[in-house]
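Student: Hi! Could you walk me through this protein? I'd like to ask things as they come up.
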Amino acid sequence: MTMTKTLMILAELAVINWALIVAASLIKAKAWKPSGLMAAMGNRETDQACNGFPARTERAAKNMLENMVLFTALVLVASVGGVTDPHVELGARIFFWARLVYIPIYMVGIPVARTGVWAISIIGMGLIFASIVQATF
């Protein structure tokens, strides 16, 4: 199997997702303070409740992870199945850019825009899915 542009997008999103999870963890723990840094490096047996920016950042990371599972499945099925329709790459690019825009919108707390950008990312996955279905017929 060769490294396609779509698989590269998947790899880039995996790194972005990892960075977002780390950032959310550090922001929630207030790692810029010595006590927060110690909490971030600890076992976190008593998870601190948070709200505002830290909570939105944590939810953005969780949402990204949830959507990455679906996106990854679609990309891998298309890749392993040899689906060469250009809509696969287009869908991956739409998903990528929509998710890149989604993260700061969620972190800042813009509710309607967040949902709109999320819907655009779903359209990207829909293009990939439609290409897979079309390739089977």
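Student: Which residues does T6 touch, not counting residues up to four places away in sequence?
Tutor: T6 touches V75, V88, E89 and A92. Here contact means heavy atoms within 4.5 Å. Keep in mind that this is a predicted model, where local features need pLDDT of at least 70, side-chain atom pairs count only at pLDDT 80 or more, and totals for chains, interfaces and linings use all residues. Residues are numbered from 1 along each chain as its sequence is written, and side-chain values use heavy atoms, with hydrogens and water left out.

Student: Is T6 buried or exposed?
Tutor: T6 counts as buried, because its relative accessibility is 8%. Buried means under 20% relative accessible area, exposed means over 50%, and partly exposed is in between, using a 1.4 Å probe and protein chains only.

Student: And where does T6 lie?
Tutor: T6 lies in helix 1. Helices are DSSP runs of H or I with at least four residues, strands are runs of E with at least two, and both are numbered from the N terminus.

Student: What about M8, buried or partly exposed?
Tutor: M8 is partly exposed, because its relative accessible area is 37%. M8 also lies in helix 1.

Student: Let's zoom out. How many helices and strands does the protein chain have?
Tutor: There are five helices and zero strands. Reading along the sequence gives the pattern α-α-α-α-α. The C-alpha trace spans about 60 × 35 × 20 Å along its principal axes.

Student: What share of the residues is buried?
Tutor: Of the 137 residues in the protein chain, 34% are buried. If you look at contacts with a separation of 6 or more, 78% of them are between residues 24 or more positions apart.

Student: Which residues have the most contacts inside the largest nonpolar core?
Tutor: Those are L13, L20, M68, F71 and I128, in a core of 29 residues. A nonpolar core is a set of buried Ala, Val, Leu, Ile, Met, Phe, Trp, Tyr and Cys residues joined through side-chain atoms within 4.5 Å.

Student: Which elements give two or more residues to it?
Tutor: Helix 1 (5-29), helix 3 (52-80), helix 4 (86-108) and helix 5 (111-136) do. Helix 4 gives the most, with 10 residues.

Student: Can we pick L20? What is it in contact with?
Tutor: Leaving aside neighbours within four places in sequence, L20 is in contact with T57, A60, A61, M64, I103 and M107.

Student: New topic: how many aromatic pairs are there?
Tutor: The structure holds three. Rings of Phe, Tyr and Trp (its six-membered ring) pair if their centres lie within 6.5 Å; planes under 30 degrees apart count as stacked, over 60 as edge-to-face and the rest as tilted. One of the pairs is F71 with F95, which is stacked at 4.2 Å centre to centre and 5° between the planes. This pair links distant parts of the chain, since F71 is in helix 3 and F95 is in helix 4, 24 residues apart. Both F71 and F95 are buried.

Student: Why is the pair of Y102 and Y106 edge-to-face?
Tutor: The planes of Y102 and Y106 are at 80° and their ring centres are 5.5 Å apart, so the pair is edge-to-face. Both residues lie in helix 4, four residues apart, about one turn of the helix. Y102 and Y106 are both buried.

Student: What's going on with the phi of K30?
Tutor: K30 has a positive phi of about 55°, although K30 is not a glycine. You'll find K30 in the loop between helix 1 and helix 2 (34-41). K30 is partly exposed, because its relative accessible area is 40%.

Student: And K28, buried or exposed?
Tutor: K28 is buried, because its relative accessible area is 17%. K28 lies in helix 1. The C-alpha atoms of K28 and A49 are separated by 8.6 Å, and these residues are 21 apart along the chain.
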